[in-house]
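Please open the model in your viewer and keep the selection tool at hand.

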Amino acid sequence: METNESKTFKNNWRCLIAYLTMSLAHCQCGFSTTSISGFQAMVGFLSVYGHPDPKSKTGWNMGTTPQQLAASFVNFGTMIGILFAQPIGNYLGRRQGLWLASVVSVLGSGLQLKSSNVAGLYARRIIIGMSNGLFMTFAKAYTVESAPVHLKRGIISLYAVWISFGCLLGAVTNKFTEHIHTSWAYKIPLTCHIAIPSLLAVLLVFVPESPCWLLKSGKVGEARRSLAVLRDRTPAPDILEKEMFEMGICIEVQQERGKRSRYLNLDIWRGCSLRRTVLCLAVILSNSSSGIWLMLSYGTVVFQLAGIKQAFQASIYNNLANLLGTIIGLYLCSRMNRRTMLMTGHFVPALCMLGVAVSFTFDSEAGYARMVVLVLLIAHGFFYYAFSSVLSAPLCNELVSLRYQVVTTEIGTAINYVLAWLIAFTMPYFINPRELNWGPKVAYIWAAANVLTGCFFFFFLPETKGLTNEEVDDIFQNPRPASRAEGGKGG
C-alpha cells in the first residue's frame with residue numbers, strides 16, 4: 001500500500017511531466033486525423049486531386065474511389081501501426097518507439113507536401129496512419145506502466161481529452177487555410193503536423209524509459225534509476241524497492257498469461273465468459289455504430305453537402321462540443337450508472353441523426369433545415385462523447401475478468417478499427433454527388449445503428465458501477481435480466 005508521502009505532488013511531479021509529454025502523442029493523432037479529413041472539402045486540395053463538378057456544392061469533386069481510399073487509408077495505416085507496435089516495442093522500448101513514431105509522422109507529413117498522383121497520396125496517408133497507431137500504442141503503454149497506482153486511472157482516462165483537443169486544433173488549422181485556392185490550403189496544415197512530433201522528439205530526451213519495460217528486459221539497475229527519476233524518491237529507497245518488487249510480480253503474472261494466451265483465446269468464448277466477452281466487444285464496437293466515424297472521416301464534407309456555407313467553422317464548433325462532452329463525461333462517469341449513460345449516449349444521438357436525415361429529406365434547401373442539421377450533428381457528437389465514449393475503457397475493465405482483459409480488449413479494438421476503415425471506405429458511395437448523393441440523409445443509417453446499440457445495452461447490459469470483482473462475477477454466474485441487475489452505490 002502506498003504511503004501518504006508517496007501520493008504527494010512533490011513525489012510525483014516528474015511522472016506528471018512525463019505524462020504531459022505522452023499526451024502530445026495522443027494530441028497528434030487527433031490533430032492529423034481531423035486536419036486530413038477536412039482536406040476533402042478544400043478547393044485547393046480538390047484542384048490538385050479532384051476535378052470540376054457542377055453537381056458539387058463547391059464546384060469541385062473527388063471521384064468516389066479516390067475519396068474512399070484517401071480517407072480510409074489513414075485508418076488502414078493505423079491498423080498496421082497498432083499491429084507492429086508490440087514487436088517493435090518489445091525490441092526498442094516505449095521511448096524509442098515514440099521517437100520512431102515521430103520520425104514516421106514527420107516523414108508522412110513531409111512527403112504529402114509534394115504534389116503527386118493519387119497513388120502517392122494513398123501511400124502517404126498510410127504512413128500518417130501508421131504513425132498514429134504507433135503514437136497511441138506507445139504513449140498509452142508508457143502511461144500504464146509508469147503512472148503511480150493512485151494516479152493511473154485518472155491519467156489514463158484523460159487520453160480521450162487530448163485526442164479531442166488535437167481534433168479541435170486540426171479543425172482550427174483548416175479554417176485558417178480553407179480560403180486559399182492553391183495547394184497551400186493543405187500544405188500549411190501539413191507543415192503544422194510536423195510541429196507536435198518534433199516537440200515530442202525533443203522532450204523525450206528528458207523522459208526516462210519505462211521502468212516496467214526495462215525490468216521486463218532484465219535491466220534491473222536501469223529500471224530502478226528510471227523509477228527513481230519518475231517518483232523522485234531517492235531519499236526513500238524502501239518505497240522504491242517495494243514498487244520494484246510489485247512491478248516484478250505483475251510482469252511474472254503477465255508472462256504466465258502470455259504462455260497460456262492460445263488457450264485464453266478459446267476460453268473467452270466458453271461458459272459464463274462468453275457473455276462477458278460479447279458485452280465487452282459490444283461496448284468497444286459501439287464506437288463504430290455511433291456514427292462518429294462518419295464525422296471523423298467526412299465531417300466537414302457533410303457540413304458542405306448540407307449547404308452550410310461556413311463548413312469549416314461548423315467543424316470547429318463540432319470538435320469543440322466533442323471536447324466539452326469528453327470533459328463532462330469524465331465527471332459523469334463517477335456519478336451516473338453505466339447503463340443509463342450508455343443508453344443516453346446512443347438513444348439521444350439516434351434522435352439527433354434521425355432529425356438530421358428527416359429535415360434534409362423534406363426541405364434540403366430551406367435555411368432552417370441547414371440550421372437543424374448543424375445543431376443536431378454537433379449535439380450528436382456531444383452526447384456520444386459525454387455519455388458513451390469516455391465509459392468504454394472503464395466499463396470493459398469491469399465486465400471482463402482480470403485474466404481475460406488484455407486479450408478481449410485487443411480483439412475488440414482490432415475489430416473496431418476494421419469497422420472504422422470499412423465505414424470510411426463505404427461512406428462515399430452514399431454521400432458523393434456522383435453516386436447515391438444522399439448527403440446528410442446518410443444519417444438514417446446511423447440513427448438505426450444507434451437505436452439497435454441502445455436497445456442491446458437495455459436488454460443485455462447489467463449495471464456494474466460500484467460493484468466489487470466478486471459481485472460482478474456473481475452477476476454472470478447467476479444470470480438475471482439486465483434491467484434487474486443492480487449496481488453498487490453511487491449514480
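**First stop: a glycine in a helix**

Begin by selecting Gly221, which lies in helix α11 (residues 220-231). Helices here are DSSP runs of H or I with at least four residues, numbered from the N terminus. At 30% relative accessibility, Gly221 counts as partly exposed; buried means under 20% relative accessible area, exposed means over 50%, and partly exposed lies in between, with a 1.4 Å probe and protein chains only.

Two notes apply throughout. The model is predicted, so local features need pLDDT of at least 70 and side-chain atom pairs count only at pLDDT 80 or more, while totals for chains, interfaces and linings use all residues. Residues are numbered from 1 along each chain as its sequence is written, and side-chain values use heavy atoms, with hydrogens and water left out.

**Second stop: a buried methionine**

Select Met22 in helix α1 (residues 9-38). Is Met22 buried or exposed? With a relative accessibility of 1%, Met22 counts as buried. Contact means heavy atoms within 4.5 Å. Leaving aside neighbours within four places in sequence, Met22 is in contact with Leu98, Ala139, Tyr142, Thr143, Leu204 and Val207. For a sense of distance, select Ala311 as well: it is 289 residues apart from Met22 along the chain, and the C-alpha atoms are separated by 32 Å.

Select residues 64-92 for helix α3 and residues 405-431 for helix α20; their axes come within 6 Å and cross at roughly 170°. Axes are lines fitted to C-alpha atoms, for helices over the stretch in contact, and angles run from 0 to 180 degrees between N-to-C directions. The angle makes α3 roughly antiparallel to α20, a term for angles over 145 degrees. The residues that make this contact include Phe76, Met79 and Ile82 of α3 and Trp421, Phe425 and Tyr429 of α20. By class, the residues of the contact of α3 with α20 divide into 13 nonpolar, seven polar and one charged. Here Ala, Val, Leu, Ile, Met, Phe, Trp, Tyr, Cys and Pro count as nonpolar, Asp, Glu, Lys and Arg as charged, and the others, Gly among them, as polar.

Next, select residues 159-177 for helix α7 and residues 311-332 for helix α16. At what angle do their axes cross? They cross at roughly 165° and come within 9 Å. The two helices are therefore roughly antiparallel to each other. Among the residues making the contact are Phe165 and Leu168 of α7 and Ile316 and Leu323 of α16. The contact of α7 with α16 comprises 13 nonpolar, seven polar and one charged residues.

Select Phe45, Leu294, Tyr298, Phe303, Leu377 and Trp446, the residues with the most contacts inside the largest nonpolar core, which has 57 residues. A nonpolar core is a set of buried Ala, Val, Leu, Ile, Met, Phe, Trp, Tyr and Cys residues joined through side-chain atoms within 4.5 Å. Helix α15 (residues 292-305) contributes the largest share of this core, 10 residues. In soluble globular proteins, nonpolar side chains tend to be buried together.

Around Trp446, show Ser288, Ser289, Ser290, Gly291, Leu294, Met353, Ile423 and Met427, its contacts beyond four places in sequence. A second, separate core of 28 residues includes Ile268, Leu332, Leu395 and Leu467.

Leu296 and Phe303 of α15 and Leu377 and Tyr384 of α18 are among the residues in contact. The contact of α15 with α18 has nine nonpolar, two polar and no charged residues.

Select Asn437 in the loop between α20 and α21 (443-460). Its phi is near 60°, a positive value in a residue other than glycine. Most residues other than glycine have a negative phi. Asn437 counts as partly exposed at 39% relative accessibility.

Finally, select Val451 in helix α21. Val451 is partly exposed, with a relative accessible area of 34%, and touches Phe347 and Ala350, not counting residues up to four places away in sequence.

Note on methods: Angles under 35 degrees count as roughly parallel, over 145 as roughly antiparallel, 65 to 115 as roughly perpendicular and the rest as oblique.
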